[in-house]
Amino acid sequence: GGQRSPSAGGVTFGYAPPKVLYVEPSEGGVGGGDRLTVFGRDFGRTGAAKSTAFVGPLPCRNTTWVSDREVVCETPRGEDLYVRHLVTVRVEGVVTPTEQRAKYAFVEGSR
């Protein structure tokens with residue numbers, strides 16, 4: 001799974017692909033705008049790593065890198081009430097594999 005690139009002298013270096021482990025909270029208002037914390041690993045060593053979190057196919061707003069193991073975002077306006085959507089994170093163009101423990105549901109009510 002990870003990315004590999006050749007470097008000077010023919011030596012190859014690589015890094016592990018990002019992975020989502022779980023999210024908090026697991027549900028929020030269908031209107032969006034709730035803070036969602038995504039926990040995982042290999043989200044990048046610095047905030048310079050461009051990250052976007054997704055709830056199902058919907059991109060979160062204002063995804064912010066916290067650490068190699070955490071990003072936070074504002075949830076998008078939701079669709080499909082009470083459906084448990086898989087949460088993924090795209091880091092520098094690489095999308096995390098899905099994780100069954102990392103799901104988020106939109107519920108009635110909004111901010």
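Where is Tyr 82 found? Tyr 82 sits in the loop between E9 and E10, where strands (E) are DSSP runs of at least two residues, numbered from the N terminus. Its phi is positive, about 65°, although Tyr 82 is not a glycine.

A quick word on the ground rules: this is a predicted model, with local features needing pLDDT of at least 70, side-chain atom pairs counting only at pLDDT 80 or more, and totals for chains, interfaces and linings using all residues. Residues are numbered from 1 along each chain as its sequence is written, and side-chain values use heavy atoms, with hydrogens and water left out.

Asp 80 counts as partly exposed because its relative accessibility is 48%; buried means under 20%, exposed over 50%, and partly exposed in between (1.4 Å probe, protein chains only).

Pro 25 is in the loop between strand E3 (19-24) and strand E4 (27-29).

Now the rings. The whole structure has two aromatic pairs. Rings of Phe, Tyr and Trp (its six-membered ring) pair if their centres lie within 6.5 Å; planes under 30 degrees apart are stacked, over 60 edge-to-face, the rest tilted.

| Pair | Centres | Planes | Type |
|---|---|---|---|
| Tyr 22 and Phe 39 | 4.7 Å | 20° | stacked |
| Tyr 104 and Phe 106 | 5.4 Å | 80° | edge-to-face |

Tyr 22 in strand E3 and Phe 39 in strand E5 (residues 35-41) are 17 residues apart. Tyr 22 is partly exposed at 36%, while Phe 39 is buried at 18%. Tyr 104 and Phe 106 are both buried.

Notes. Helices (H or I, at least four residues) and strands (E, at least two) are DSSP runs, numbered from the N terminus.
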